[in-house]
Structures are given as C-alpha cells and as structure tokens.
Amino acid sequence: MSFNRLLQMDERENMAIITPLCSSSSGNSVFAGSRSAGVLIDMGCSFKKLRLLLDLCGVSLDAVRAVLVTHEHVDHVKGLYQLTKHTDIPIYSSRGTLRYLQEENLVFTAQNLHNLEQLKNIPLDYEIKAFETPHDALDSAGFTLENRDCKIAYCTDLGTVTERVREGMRGADYVFIESNYQPDMLRNNPRYPAYIKQRISSSSGHLSNGDCAEFVAELVNQGATRFILGHLSRENNTPEIAAETAVSALHEIGAMRNRDYFLEVAAIETAGEIIAV
C-alpha cells in the first residue's frame, strides 16, 4: 500500500495534514495544518488554479489562515497579486521579500503584508517558525509548524544544507524537502546554457537528488519518518530517479521504505491527495 493510500483522506477536521497542491520548477504551493485551518506555503499557481486544487482536496479557501512566502521567485509568488486582490488572507515573509513584492507590484495591496517576526499572530494551533535557506534570492526561508503532536518541516530552494537549515528542521517528524535535479541530466541538457546550469548546481541554487538523499538519511537518524520530495525539475529529473536516489541512501543506513519510513514524491499538480501527518 502506498504512502498516499495509507494516510490520505482522513475526514476528521482537526487531523494534521499536508497537501502538495503543485510542485515543480513551474509552480509551488503546499497547504499544511488541518482541514479546517492551515497555512499555504507559497503561491506559485494562479488564484483560479489554487481554488480548483484546494477544492479537489476538499479544503476550503476559508481554511487558509495565512500565506507563508519562502522567497520572491515567480514559481513561488505567481498568484499573489490576485490572491491579495480578492481576499484578505495575510501574507508573511522576510523583510527583503516583502519589499520586493511591493516594489515589483506583485501584490495588489500591501495592507496585509507581515514580516516573519509576526508569525506568532497567525490564528492556528501550531507554533510557526522560519529559518534561513541558502538560495539566490533576497532573503529566502524555510518553515516549520509544530504542536504537541508533531513537527512539520518545509524546505525547498536551497543550494546546500547549512547548519541553519539543520537547526531549523531538527526534530521534525514530517519533512517536505527539495530534490530538484539529477546532476547528469542537468549537465547534459542541451536546452540549458552553461550559466543556468552553474546557477542551479551552485551552493545558492537548488538541491540535487544526491544531496537531498544524504540529508534525508541524516533526518531519519534523528527520528523523522515521513517524507515528501518536492520541487523536482521537469527538465532535469524524474520522480522515479529522485525516489530511488533517496531510497538507496536510506538502504545504506539500514532503513527500509514502508517499514522505517514513508516516502513519496509530490505531483506536479495534486489529484486530490490529503496526507495525514
């Protein structure tokens, strides 16, 4: 039985869930919390698409208490303008990111923009924290949601795993982590110029399958048991290769899939899966 089939579609309103709505180099957005109240991490799809994807998962737009923005790149903020035009949902991000969103007119109004120091004001039964990630953005971040039952960690768009990333994700039970590219596929991609390849593979670019797998093994040794690999490149990776790389690394430390841990790969767009944490 697959991870999704084992854990998805719990009907209890307060069950902790994580729902990858879209995940790729084209657009990223994840809902986390419970069916009745949670946060959206990034808004990389259109507002119209967001409503359709939430509806597929049986989650109301009214359940979104806030949007946490990791950084300002288009695949993470594409739908913010329409969201801020049509709703009063507050937006939380770093000061540098918020300034960019305003200067580039990526939000309809700045009225509901809040910096990360105000995360404690989100009306949710989770303590939400941010941690710095190494990416070629103004001030990028990962996020954790924690209550007495579980800790959920979300981290994409990082060129390398730093001590700040390790510290932020330490103790997580459930991890959404980037596994962006397979190095040989990136290196041999004729459509990518050399400077793009260098950017992706740099320490401020994206996390390769191998580096992701090494970190996932580290997290399993610390007690994490549930993983979603996300933000896969549509040009330089496949779900099968990303999963196999992680599974192989975990096998080397004696951890068996579906026994010691569960691991899935986020779809480019959800088909309606809700995963209970």
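This is a predicted model: local features need pLDDT of at least 70, side-chain atom pairs count only at pLDDT 80 or more; totals for chains, interfaces and linings use all residues.
User: Where do the buried residues of helix 10 fall when you look down its axis?

Analyst: Buried here means under 20% relative accessible area. In helix 10 that gives you Ala-242, Ala-243, Ala-246, Val-247, Ala-249 and Leu-250. An α-helix has 3.6 residues a turn, so residues three or four places apart point the same way. Down the axis of helix 10, the buried residues sit within an arc of 160 degrees, so they line one face of the helix.

User: Which elements do those buried residues of helix 10 pack against, and which exposed residues are on the face turned away?

Analyst: The buried residues of helix 10 pack against helix 9 (209-221), strand 11 (226-230) and strand 12 (262-265). Turn to the face away from that buried side and you find exposed residues, over 50% by the cut-off. They are Glu-240, His-251 and Glu-252.

User: What residue with a positive phi follows helix 10?

Analyst: Helix 10 is followed by a residue whose phi is near 85 degrees. That residue is Gly-254.

User: Is Thr-19 buried or exposed?

Analyst: Thr-19 is in strand 1, residues 16-24. Leaving out residues up to four places away in sequence, Thr-19 touches Ser-29, Val-30, Phe-31, Cys-57, Glu-273 and Ile-274. Its relative accessible area is 1%, and the cut-off is under 20%, so Thr-19 is buried.

User: Which element gives the most to the lining of the largest pocket?

Analyst: The largest pocket holds about 260 Å³ of space. Of its 16 lining residues, Ser-25, Asp-75, Arg-199, His-206 and His-231 are the closest to the centre. Two elements give two or more residues to this lining, helix 3 (74-77) and helix 8 (194-201). With three residues, the one that gives the most is helix 8.

User: How many polar residues are in the lining of the largest pocket?

Analyst: By class, that lining has four nonpolar and three charged residues. The polar count is nine.

User: How many nonpolar residues are in the lining of the second largest pocket?

Analyst: This pocket has about 220 Å³ of space. Among its 13 lining residues, the closest to the centre are Asn-14, Ser-34, Asp-125, Tyr-126 and Asn-147. The lining has four polar and two charged residues, and the nonpolar ones number seven.

Notes: Residues are numbered from 1 along each chain as its sequence is written. Side-chain values use heavy atoms; hydrogens and water are left out. On a 1 Å grid over the protein atoms alone, a cavity is a set of points where a 1.4 Å probe fits but cannot get out, and a pocket is an open set with protein on both sides within 12 Å along at least five of seven lines; lining residues have an atom within 4 Å of a point. Grid points are joined across faces, edges and corners, and a volume is the space filled by probe spheres set on the points. Helices (H or I, at least four residues) and strands (E, at least two) are DSSP runs, numbered from the N terminus. Ala, Val, Leu, Ile, Met, Phe, Trp, Tyr, Cys and Pro count as nonpolar, Asp, Glu, Lys and Arg as charged, and the others, Gly among them, as polar. Buried means under 20% relative accessible area, exposed over 50%, partly exposed in between (1.4 Å probe, protein chains only). Contact means heavy atoms within 4.5 Å. The arc is that of the directions from the helix axis to the C-beta atoms.
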